[in-house]
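Subject: Handover of a structure and notes on its features

Dear colleague,

Please look through it before reading the notes that come after it.

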Amino acid sequence: MVETISKDMEEAWLKELTFGAFDPEFSETSQFPSVHQMASKDESLALGMVSLMLHFHWTWVGLVITAGQNGFRFLSDVRGEMDKNGVCVAFVKMIENAIASYLWSPKLQDFLSRETSPVNVVIIYYDTDSLNDINYQVGVHLVTWRVWVTNTQWHAELSGRNFILDSFHGSLVFTHHYEEISGFNEFIQTATPFKYPEDTFLTLYWFRNFRCSFSDSDCSLKDCTPNASLAWLPANRFDTAMSEGSYNAYNAVYLVAYALQEMLLQQGEMQLIGSGDTTVFSPWQLIFGGFDPEFSENSQFPSVHQMASKDESLALGMVSSMLHFHWTWVGLVITAGQNGFRFLSDVRGEMDKNGVCVAFVKMIKNAIASYLWSPKLQDFLSRETSPVNVVIIYYDTDSLNDINYQVRVHLVTWRVWVTNTQWHAELSGRNFILDSFHESLVFTHHYEEISGFDEFIQTATPFKYPEDTFLTLYWFRNFRCSFSDSDCSLKDCTPNASLAWLPANRFDTAMSEGSYNAYNAVYLVAYSLQEMLLQQGEMQLMGSGDTTVFFLWQLHPFLKDLQFNSPTGEQVNLDKANKVGTKYDILNLWNFPEGVRLRVKVGGFSPQAPLGQQLSVSEEMIEWAAGITETPRSVCSESCSSGFRKSPQEGKPACCFDCTPCPENEIANETDKEQCMKCPDHQYANTQQNHCIEKSVTFLTFEDPMGKALAGTALSLTVLTAAVLGLFVKHRDTPIVKANNRNLSYILLISLIFCFLCSLLFVGRPNTATCILQQTTFGVVFTVAVSTVLAKTVTVVLAFKVTAPGRRMRQLLVSGTPNYIIPICCLIQLTLCGVWMGTNPPYIDTDAHSEHGHIIIVCNKGSLTAFYCVLGYLGSLALVSFTVAFLARNLPDTFNEAKFLTFSMLVFCSVWVTFLPVYHSTKVGKVMVAMEVFILASGAGLLACIFAPKCYIILLREDRLSLPKFKDTIYTRSKNPS
């Protein structure tokens, strides 16, 4: 069906205006009824040239003519006129076509150079746009004695300063006459790239001829020659004269405008398409290149339809690949323009969502600017720091060869290039295994395999399709062919040669996306035409014979509404609203020596798949750069391991950070944690700070070395005190025991025993009873001990102050008044303890912070105020005892305890004054140890200072125990006063 309809469509049913050279082929209205030519006929060209020969009396003339219907027609005309007028043909050389002229031009110039000198005039008829190749080859030999007579198609190369010696200097060119167009010269003088920024041709000319440079930021022109104009350029740089083609195009525009006006006047109405005041009469158009969101607006472009699928998921797909490979530091190289800026917005949005940072952004203005600016681009990429190993390139033109070449010069082989399907890297060269783009990942639209395409590629040859000059050129260059001297046809080629033999750097046999879309477009038009014929039931006949001609606009309603399944099984439609994002194939470029390059599918991306399943990648199939055995890394900062948190670097993106260790007792059990997590109170952080460990419950036990030492000391002091008490009881009738109130000595010794024993309450697992007893027992027994010392001191003072019987002090001493000091002082302390226990008594508590890794069971004092009141009262009592003892220090010292009491209280007060700062600066877990040490130290001080001298006399100086000796001592001292 497609073949039949295509044959009908070939009958020129599209209206077309040509403004190139006149072609007699298209003058046949029966064959090309819809093709109209603006150019005038060349039927008098041969007569004009021969007339010129006769005028100059040139009768020996050579002919160089391009082969083809036009060339042979001109050869027939010019030989007829020459025969009529007696002008002889010296030689005739036919040029097959433009490609053959390029390949055959050395032979041509050699032939012309060998011709005899009388052949000084050569007529050249050329019907293509350029003769630069022949011009260059002939110009090498400086055949300056020839006169070239040619037609208007001749466009000799004008570059270079010394082309006055060029082979074609003095040529005579026949060109069609046309009138001067008003305003054209003014347009040429005022046309600048600043006035027409979308014209890349002007941008290129200004850069090359007016000393401009490109801005690094947006590639705009700057620093150009002021007030520059194209009219300033010499003809070898820019010819300001209007060409014949431009003149015909000018007339064609007016022709269409007047025809449109005439149609509107005759029809009396306009077909309004779009919105606002826009009136559109353009035919429909199918675009099979890359998808352009601009054309998706129905109101603005109702007749433009795109075969390509939307690229709305391209940014998401690329960022998904970044996340898969853990690339968080990525550069962007994007072509400027609506598509480029739209992609930049999309990709930055996706990168921000997913924590991927932009290392740099470089915008390429356009294809021409990229060519001029690419050295700067490659220098920039080469200067980037090594962590920027991944670059996304979005390019929406047909080539990136310039940037590819410039970057490849520096062999930036450590980079991974992630690019879109528009990427067409230069494939030439044999040893491009070190090519900069060896490890590229290319996102290309997924499409199904077309049946028969591979067979077509394998069988396509220039002998099967002789009109395809592309195949002719490829066969000549790749299959050792030569050209026949007679008709420039190929000969002596490699037998059974096929395009499939060529490596990818010579010819890529894979179908491109544009070709796939064109394939679907052909089927779409064919099905639409079939649908139209079936619905209308008749065809509009125009012209003569069996030729069937359709107006272009008649097909549009069927095109836009048609849906069908292509031979590959893909659903094809032009509904812009239902154009959904396509699937992508991810290709990896493999380079091998001798120019072998493969595009290997290594994964895919489907935006319609469930979240988390959209991307699929086979990492084992990816070929990275030479020397790289694992997935490349691209990060601004290396990941923070567990135990560290990320600390942002000032002024840099979020991906750039320092790794800071977690604070004490905080952990980070994953990499790249933003914040550390604090361990619960019952747990603590391990050394690596990546895990919380249960704390062990601890307290001062009798099994601990410290507990054993303290308990042993307490018991030893208790036994020692009990022994002293027993010694005193045994020698209770001796004067030294009787002195200073024997009963008070017994009370003091007993209280010291309890003092030493109460320290044992601070060892072992605390409970409610021990917590209460620790504080109250300590307070009360020490109050008894200190008050006893105070009572003994008062007794000494009273004893030595009595001078006469009957005095009040003697009454106090005889009545035992000092003995009441003990119960009174103890009663006050008991009252304080009672208030403490009644309001906020001590209780069991835990301390999880003092010792790393341990929970200490302690006794919380409850009311600190009450604790310090008890301690303060005890201190006050000790201070009073010290003061009284200090005042009695100079009394006679035989059996006098005044000095010993003074010294003992000095030691006691010193111990407890030292205790206070140590107590406050010691961790809670060590308080019990400190408390017990000071209890033992203060008790031992009292025991040693008061009772050690007496024990010394009792045990070692028994001679001083009798009363006569005591009296003799007193008498001796009275005789010898000190």
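The following paragraphs set out what was found.

This is a predicted model, in which local features need pLDDT of at least 70 and side-chain atom pairs count only at pLDDT 80 or more, while totals for chains, interfaces and linings use all residues. Residues are numbered from 1 along each chain as its sequence is written, and side-chain values use heavy atoms, with hydrogens and water left out.

Overall composition

The protein chain has 26 helices and 32 strands; these are DSSP runs (helices H or I, at least four residues; strands E, at least two), numbered from the N terminus. Of its 978 residues, 45% count as buried. Buried means under 20% relative accessible area, exposed means over 50%, and partly exposed lies in between (1.4 Å probe, protein chains only). The accessible surface of the chain comes to about 50700 Å², and 56% of that belongs to carbon and sulfur atoms; areas come from the Shrake-Rupley method with a 1.4 Å probe, and for residues only the protein chains shown count as cover.

Five strands form an open sheet in the order 4-3-5-6-7, with parallel pairing. Strand 4 (88-95) and strand 7 (172-173) stand at the edges with a single partner strand each, so one side of each has no neighbour in the sheet. Two strands pair if DSSP finds at least two bridges between them. Strand 6 (residues 147-150) is joined to strand 7 by two bridges, and Thr 150 stands opposite Val 173 in strand 7.

Strand 14 (residues 390-394) is largely enclosed by the rest of the structure, because five of its five residues are buried. Val 390, Ile 392 and Tyr 394 point one way from this strand, and Val 391 and Ile 393 point the other way. In a regular strand, side chains alternate between the two faces of the sheet. Strand 14 pairs in the parallel sense with strand 12 (residues 329-335) over five bridges and with strand 15 (residues 416-420) over four bridges. Ile 393 is the bridge partner of Val 333, and in strand 15 the bridge partner of Ile 393 is Thr 419.

Salt bridges

The structure holds four salt bridges, each defined as a side-chain nitrogen of Lys or Arg within 4 Å of a carboxyl oxygen of Asp or Glu. One of them joins the side chains of Lys 601 and Asp 585 (3.2 Å, N to O). This pair links distant parts of the chain, with Lys 601 in strand 22 (residues 596-605) and Asp 585 in strand 21 (residues 584-592), 16 residues apart. Lys 601 is partly exposed at 44% relative accessible area, whereas Asp 585 counts as buried at 11%. Another joins Glu 638 and Arg 633 (2.8 Å, N to O).

A nonpolar surface patch

Leu 715, Ile 750, Phe 754 and Leu 757 make a nonpolar surface patch of about 340 Å². Patches are made of residues with over 30% relative accessible area and no salt bridge; like charges are joined within 9 Å and nonpolar side chains (Val, Leu, Ile, Met, Phe, Trp, Tyr) within 5 Å. Helix 19 (residues 742-758) gives the largest share of the patch, three residues. Phe 754 lies in helix 19 and is partly exposed, with a relative accessible area of 47%.

With kind regards
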